[in-house]
Amino acid sequence: MASKQYTRDEVAKHDKEGDLWVVIDAKVFDLSRFADLHPGGANVLYADAIAGQDATNAFFGLHRHEVLLRPQYARLQIGTISGEKERIKAPVPGQLSKVPYAEPTWLSAGFKSPYYTDNHRAFQTAVRKFFEETVRPEAIKVEENGKKVSQMLVDKMAELNFWAMRLGPGKHLKGKALLGGVVKPEEFDYFHEFIINTEMARFSCRGFVDGLLNGLVIALPPVLNYGTPELQECVVPEILSGKKYIALAITEAFAGSDTNGLQTFAIRDGDDWVITGTKKWITNGTFADYFTTGCKTETGFTVILIPRGEGVSTKPIKTAYSSTAGTAYVTFDKVRVPIGNTLGPVGKGMNVILTNFNHERWMVSGTALGAQRTIVEECLKWATQRVVFGKPLTAQPVIRAKLANMIARVEAGQSWMEAVTDQMNNMTYAQMSSNLAGPIALMKQFISKSGRETAEDATQIFGGRGLTVTGMGKLVENYHRTSGFDAVLAGAEDVLGDLGVRQAIKKMPVDARL
């Protein structure tokens, strides 16, 4: 029984083929029958430093702690070492990490912040607990199998009004119980939303982050801000309840950042638009019921909400990250849509989209930062426990230099995000559009570039493990493979850098001279 206690001398007697015990973190495991099933081969277990011995260091040099917690391995435990206690315990859902820089400073003991309240702290605890208990298992599963996030999870998150909260503060929260009442609708601000964005990215499942209805986050605001009351009444409730899905359809094979190059046309025919064209790389497009679509009309760029129906078809696009994101090629073949589905004035669609970009880019920056901080934690853990030439990796100056750069980048990004988020809380929507387009563009460029630099450093720290989809370096492998998405989605880095500088030049005083 697992509750039985043994001495180390007793364990040492079981060191032969067919009679093999080991100690891992004060726990005694009987591997006699398991040895031949060991993925690394039985001979590894019969080594002098492992058979009948304390194999803690050897185990953690090869495996993640979560392996010990899996039922098929946990049942191999037959007892514990008398007078000793385990040091490495299973994480408690909602618990903060004690690894330096694994948490932003506002969550770290001994640090203060001018931005966060006790309610933000309570909210963060509740969000992390829910995400780790309910969301994380789904994230890992769909990231691997590429399937759409389950309706069961969508419904659970809808019950707590996560989909409404992911749109930020506003009238759409009125009368809703947010996260079971942890925060009141009138108290919810952009820091609450920032917490959601960073927490959902901690699993390092980049495809899942987009698959968790990011289409809603970037496609529903134009409906909320520019749709007719009748359209909003029809569409918004079913989307916020998770019963229907929506995607933003702007990008085409002919046009990305250059929206003037769009070749999806909408021609008016009586009380309808007739729309023909294609869209590419549309997040959540494979399962979307509605498409917030950029079209060319006789009077210019116009945004129209197109429901899935006759003439609308989608097919998945294979990308470097999981197909759970639902990335799609969308075809509109003479699709008829009521004029009432127009979002904003005809020919003024650029204003609709530009006001939407700030929030989208800010959201992507937040999730990118959350994933980046997870990788910093992974590297600090690994560099401490990995022993080479008789010393931990942290004994190597080159490793410490890489860690220093990683920490500096993530902390700089955090500070910039918090400063911008504070401004968002103290500006109207119009003021945000006017004042923050440049800063948010530059901030996203900085965070996405930092992320890719950190991905490279992390891979060097983990070595071959950082290239392996499973095992010790699986989070690093996923991050290295997918961090580039943040550099492209919601605006390519170079375009955003140029936008930020152009916005600054526009505000240069005429009398400014050296």
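How are H6 and H9 oriented to each other? In this predicted model they are roughly parallel, a label given to angles under 35 degrees, with over 145 counting as roughly antiparallel, 65 to 115 as roughly perpendicular and the rest as oblique. Residues are numbered from 1 along each chain as its sequence is written. The model is predicted, so local features need pLDDT of at least 70 and side-chain atom pairs count only at pLDDT 80 or more, while totals for chains, interfaces and linings use all residues; side-chain values use heavy atoms, without hydrogens or water.

The protein contains 19 helices and 15 strands. Both are DSSP runs numbered from the N terminus, helices being H or I of at least four residues and strands E of at least two. The radius of gyration is 26 Å, close to the 24 Å given by the globule rule for 514 residues, so the protein is as compact as a globular protein of that length. This radius is taken over C-alpha atoms, and the rule is 2.2 Å times the number of residues to the power 0.38. The C-alpha trace spans about 90 × 60 × 45 Å along the principal axes.

Helix H6 covers residues 118-145 and helix H9 residues 190-200. They pack at an angle of about 30°, with axes 10 Å apart. Axes are lines fitted to C-alpha atoms, for helices over the stretch in contact, and angles run from 0 to 180 degrees between N-to-C directions. H6 passes H9 in a right-handed crossing. A crossing is right-handed if the near helix is turned clockwise from the far one by less than a right angle, and left-handed if anticlockwise. On the H6 side, contacting residues include Phe 123, Val 127 and Phe 131. Among their counterparts in H9 are Phe 191, Ile 195 and Met 200. Contact means heavy atoms within 4.5 Å. The residues of this contact divide into seven nonpolar, four polar and two charged. Ala, Val, Leu, Ile, Met, Phe, Trp, Tyr, Cys and Pro count as nonpolar, Asp, Glu, Lys and Arg as charged, and the others, Gly among them, as polar.

Helix H14 (residues 349-385) packs with helix H17 (residues 437-462) at about 25°, the axes lying 9 Å apart. In H14, the contact includes Trp 362, Leu 369 and Trp 382. In H17, it includes Ile 440, Ile 447 and Phe 462. The contact residues comprise 14 nonpolar, six polar and three charged.

H17 also packs with helix H18 (residues 474-482), at about 145° and with axes 9 Å apart. This crossing too is left-handed. H18 contributes Val 476, Tyr 479 and His 480 to the contact, and the H17 residues include Gly 451, Thr 454 and Phe 462. Five of the contact residues are nonpolar, four polar and one charged.

An open sheet of five strands has the order S1-S5-S4-S3-S2, with mixed pairing. Strands S1 (4-6) and S2 (15-16) stand at the edges with a single partner strand each, so one side of each lacks a neighbour in the sheet. Strands pair if DSSP finds at least two bridges between them. S2 and strand S3 (residues 19-24) pair in the antiparallel sense over two bridges. Lys 16 has Asp 19 in S3 as its bridge partner.

Strand S12 (residues 328-338) pairs with strand S8 (residues 272-282) in the antiparallel sense over eight bridges. Asp 272 stands opposite Pro 338 in S12. S12 also pairs with strand S11 (residues 312-316), antiparallel over five bridges. There, Lys 315 stands opposite Tyr 329.
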